Amino acid sequence: MAQIIDGKQISLKLKADIKKKVEEMSTQPGLAVVLVGDDPASKIYVNSKERACEKAGFYSKKVLLDKNISQDKLIEQIKDLNQDPKIHGILVQMPLPDHLDEGLVIENINPNKDVDVFHPYNIGQLFLRKNLPPLNHLLAPCTPKGIMRLLQSIGIELEGKKAVVVGRSNLVGKPIATMLTAANATATICHSRTKNLAGETSQADILIAAVGLPEFIGQEMVKPGSVVIDVGINRTDDGLVGDVDFEAVKSVAGHITPVPGGVGPMTIACLLENTFILAGSSLETDK
């Protein structure tokens, strides 16, 4: 029976550590979250980030914009935040309305305030790394960074391990494969066109499911004793489920994350950590 990796508890410890460090800083870390439109799920995410900021002692600014805002007006708002000395991290909640160019919006965020680490410059810096620095100094996309912290929490030695990532998104799949490779694991990215997917996943010491299909990863796709990280959040008639068939897979895996309570809490905790790092970088620059 697999050991459950409790992302909620691990995230609470990380948040507590950040709060303690913030109390010792002369400058308050500031995070701005930009929400365009009134998508219910996005509102929930934004409010949870705002609460997390308050609890950690951060300054937070929520910018609510009409769903019909023009591209130029949105970029103006972002440029204003780029110039705001109280703001160290800028997050534009995705997805944006269809008439807005997400790539162009991200490119207009100052890379030094790109808390999501989506800007091409910052992604390029991540991909160029030969080795992975300590996570408390690393700027990386929040969900992949949360995954690395979950792996760190169980004390697994990544060097030489075979890691398989199911999903090739720019948000999770590609960055986490890059980070695992920089930590000297051998990472393989699989996707919907992969032949003999079960043959690939069943060899993985570390299996990361980020495919967006409910309970897609079954028992037969998992190597006995492996670490299974479930990134998926799928709303079904039975409630939230992940991309992994949790009940079936937990009898095979050595470690497994639940949904909810696994990767999700770590994403917000790492958002705070990235903001803290950016604020610290700002302080060092000011000296």
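What covers the buried residues of helix H7? The cover includes helix H5 (120–128), helix H6 (142–153), strand S5 (162–166), strand S6 (186–190) and strand S7 (206–209). Keep in mind as you look around that this is a predicted model. Here is a short tour, from the whole protein down to single residues.

**The whole protein**

- The protein contains 10 helices and 11 strands. Its radius of gyration is 19 Å, close to the 19 Å that the globule rule gives for 287 residues, so the protein is as compact as a globular protein of that length.
- If you follow the C-alpha trace along its principal axes, it spans about 50 × 40 × 35 Å.
- Of the 287 residues, 48% count as buried.
- Take the contacts between residues at least 6 apart in sequence: 72% of them join residues at least 24 apart.
- The accessible surface comes to about 14,000 Å², and 49% of this belongs to carbon and sulfur atoms.
- On the charged side, there are 31 positive and 34 negative side chains. The centres of these two sets lie 4 Å apart.

**Helix H7, the covered one**

- Helix H7 runs through residues 173–182 and is mostly covered, with eight of its 10 residues buried.
- Which residues of H7 are buried? They are Gly173, Pro175, Ile176, Ala177, Thr178, Met179, Leu180 and Ala182.
- After H7 comes Asn184, and its phi is positive, near 75°.

**Salt bridges**

- Asp17 pairs with Lys13, and their closest N and O atoms are 3.2 Å apart. Both belong to helix H1 (residues 7–23), where being four residues apart separates them by about one helical turn.
- Are these two partners buried or exposed? Asp17 counts as partly exposed, at 34% relative accessibility, while Lys13 counts as exposed, at 55%.
- Glu273 and Lys145 meet through their side chains in a salt bridge of 3.1 Å, N to O. Glu273 lies in helix H10 (residues 263–286) and Lys145 in helix H6, so this pair ties together parts that are 128 residues apart in sequence.
- Both Glu273 and Lys145 are buried. Together with Arg149, they are linked in a network of salt bridges.
- Asp205 and Lys223 form a salt bridge too, with 2.7 Å between the closest N and O atoms. Asp205 lies in the loop between helix H8 (197–201) and S7, and Lys223 in the loop between S7 and strand S8 (227–230), so the pair ties together parts that are 18 residues apart in sequence.
- Lys223 counts as partly exposed, at 29% relative accessibility.

**A look at Ile106**

- Where is Ile106 found? Look in helix H4, which covers residues 102–107.
- Why does Ile106 count as buried? Its relative accessible area is 14%, and buried means under 20%.
- Setting aside neighbours within four places in sequence, Ile106 is in contact with Met94, Phe118 and His119.
- Ile106 and Phe118 are 12 residues apart along the chain, and their C-alpha atoms are separated by 6.8 Å.

Notes
Residues are numbered from 1 along each chain as its sequence is written. This is a predicted model: local features need pLDDT of at least 70, side-chain atom pairs count only at pLDDT 80 or more; totals for chains, interfaces and linings use all residues. Side-chain values use heavy atoms; hydrogens and water are left out. Helices (H or I, at least four residues) and strands (E, at least two) are DSSP runs, numbered from the N terminus. The radius of gyration is taken over C-alpha atoms; the globule rule is 2.2 Å times the number of residues to the power 0.38. Buried means under 20% relative accessible area, exposed over 50%, partly exposed in between (1.4 Å probe, protein chains only). Contact means heavy atoms within 4.5 Å. Accessible areas come from the Shrake-Rupley method with a 1.4 Å probe; for residues, only the protein chains shown count as cover. Lys and Arg count as positive and Asp and Glu as negative; His and the chain ends are not counted. The place of a charge is taken as NZ of Lys, CZ of Arg, CG of Asp or CD of Glu. A salt bridge is a side-chain nitrogen of Lys or Arg within 4 Å of a carboxyl oxygen of Asp or Glu.
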